[in-house]
Amino acid sequence: MVQSMISSRFGEISYSEEDTLFFPRGLPAFEKNRNWILTGEEDNAIKWLQNIEDEGLALPVTTPDAVMPDYNAKIPEDDLELIETTDPGDLALLIVVSIPESAPWNMTANLRAPILVNLKSRRAVQVIALNEEYSVHHTVFPENVREAMKVAALAEKEA
């Protein structure tokens with residue numbers, strides 16, 4: 001059954017029950033918001049987790065390989081039990097990104113706390129990876145790309 005909601009960021013969004021991701025313990029800082037959908041432009045690596053209960057709550061996410069091709073999070077087994085699978089074939093990973101509105105070239109990704117999604121049951125959980133080398137503020141773009149983006153933005157602003 002198709003449902004719809006009005007997102008304060010995206011306007012009307014249609015989704016089906018099968019599109020809903022259920023976070024049994026919510027997300028950190030949003031523990032009461034347990035039902036989310038993934039939305040966004042198909043050709044954009046950045047998608048949005050839009051909360052269904054709060055039309056104003058959406059988090060930008062992407063896949064880890066978009067940020068770090070050799071990303072290999074070590075996930076505690078207890079967290080896998082929470083989403084009811086230990087089969088890697090059932091799992092997808094997302095990472096939350098932070099995009100400063102006035103300086104998007106300084107985008108960072110939280111590699112330390114990926115979101116695990118059981119693709120079959122649609123249960124999801126954000127976990128703390130055991131990899132201490134992964135940062136919660138991993139810079140997405142290399143320095144030369146950030147500088148080029150910044151120069152282009154300033155030139156566009158002055159034009």
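Entry 1, terms and model. I take buried to mean under 20% relative accessible area, exposed to mean over 50%, and partly exposed to mean in between, with a 1.4 Å probe and protein chains only. By that rule I looked up Ala-29, which counts as exposed because its relative accessibility is 63%. The model is predicted, so local features need pLDDT of at least 70 and side-chain atom pairs count only at pLDDT 80 or more, while totals for chains, interfaces and linings use all residues. Residues are numbered from 1 along each chain as its sequence is written, and side-chain values use heavy atoms, with hydrogens and water left out.

Helices (H or I, at least four residues) and strands (E, at least two) are DSSP runs, numbered from the N terminus. Arg-122 is not a glycine either, and I read a positive phi of about 65 degrees for it. Arg-122 sits in the loop between E9 and E10, and it is partly exposed, with a relative accessible area of 24%.

Which residues lie nearest the centre of the largest pocket? I found Asp-19, Leu-21, Ile-37, Leu-38 and Arg-122 there, out of the 13 residues that line the largest pocket. A pocket here is an open set of points on a 1 Å grid over the protein atoms alone, where a 1.4 Å probe fits, with protein on both sides within 12 Å along at least five of seven lines, and lining residues have an atom within 4 Å of a point. I noted a volume of about 160 Å³ for the largest pocket, a volume being the space filled by probe spheres set on the points, which are joined across faces, edges and corners. Strand E2 (11–16), strand E4 (35–39) and strand E7 (91–98) each give at least two residues to this lining. The lining divides into nine nonpolar, two polar and two charged residues, where Ala, Val, Leu, Ile, Met, Phe, Trp, Tyr, Cys and Pro count as nonpolar, Asp, Glu, Lys and Arg as charged, and the others, Gly among them, as polar.

Is Asp-90 buried or exposed? I found Asp-90 buried, because its relative accessible area is 10%, and I placed it in the loop between helix H1 (77–82) and E7. The side chain of Asp-90 makes a polar contact of 3.0 Å with the side chain of Thr-85 and another of 3.3 Å with the side chain of Lys-120. A polar contact is a pair of N or O atoms within 3.5 Å; within protein, one must be able to donate a hydrogen and the other to accept it, and residues adjacent in sequence count only if both atoms are side-chain atoms.

I located Arg-123 in the loop between strand E9 (115–118) and strand E10 (124–126). The side chain of Arg-123 reaches the backbone oxygen of Leu-82 at 3.2 Å. Leaving aside neighbours within four places in sequence, I listed contacts (heavy atoms within 4.5 Å) of Arg-123 that include Phe-22, Pro-24, Leu-82 and Glu-84.

A nonpolar core is a set of buried Ala, Val, Leu, Ile, Met, Phe, Trp, Tyr and Cys residues joined through side-chain atoms within 4.5 Å. The largest one has 21 residues, of which Val-67, Tyr-71, Ile-75, Ile-95, Ala-109, Leu-111 and Leu-116 touch the most other members. I then found a second, separate core of 13 residues, with Leu-27, Val-61, Ile-115 and Ala-124 among them.

Leu-59 belongs to strand E6 (residues 58–62) and counts as buried at 16% relative accessibility. Beyond its neighbours within four places in sequence, I saw Leu-59 in contact with residues including Leu-27, Trp-36 and Trp-48. Ala-45, in the loop between E4 and strand E5 (47–51), counts as partly exposed at 48% relative accessibility. Ala-45 and Val-61 are 16 residues apart in sequence and 8.5 Å apart in space, C-alpha to C-alpha.
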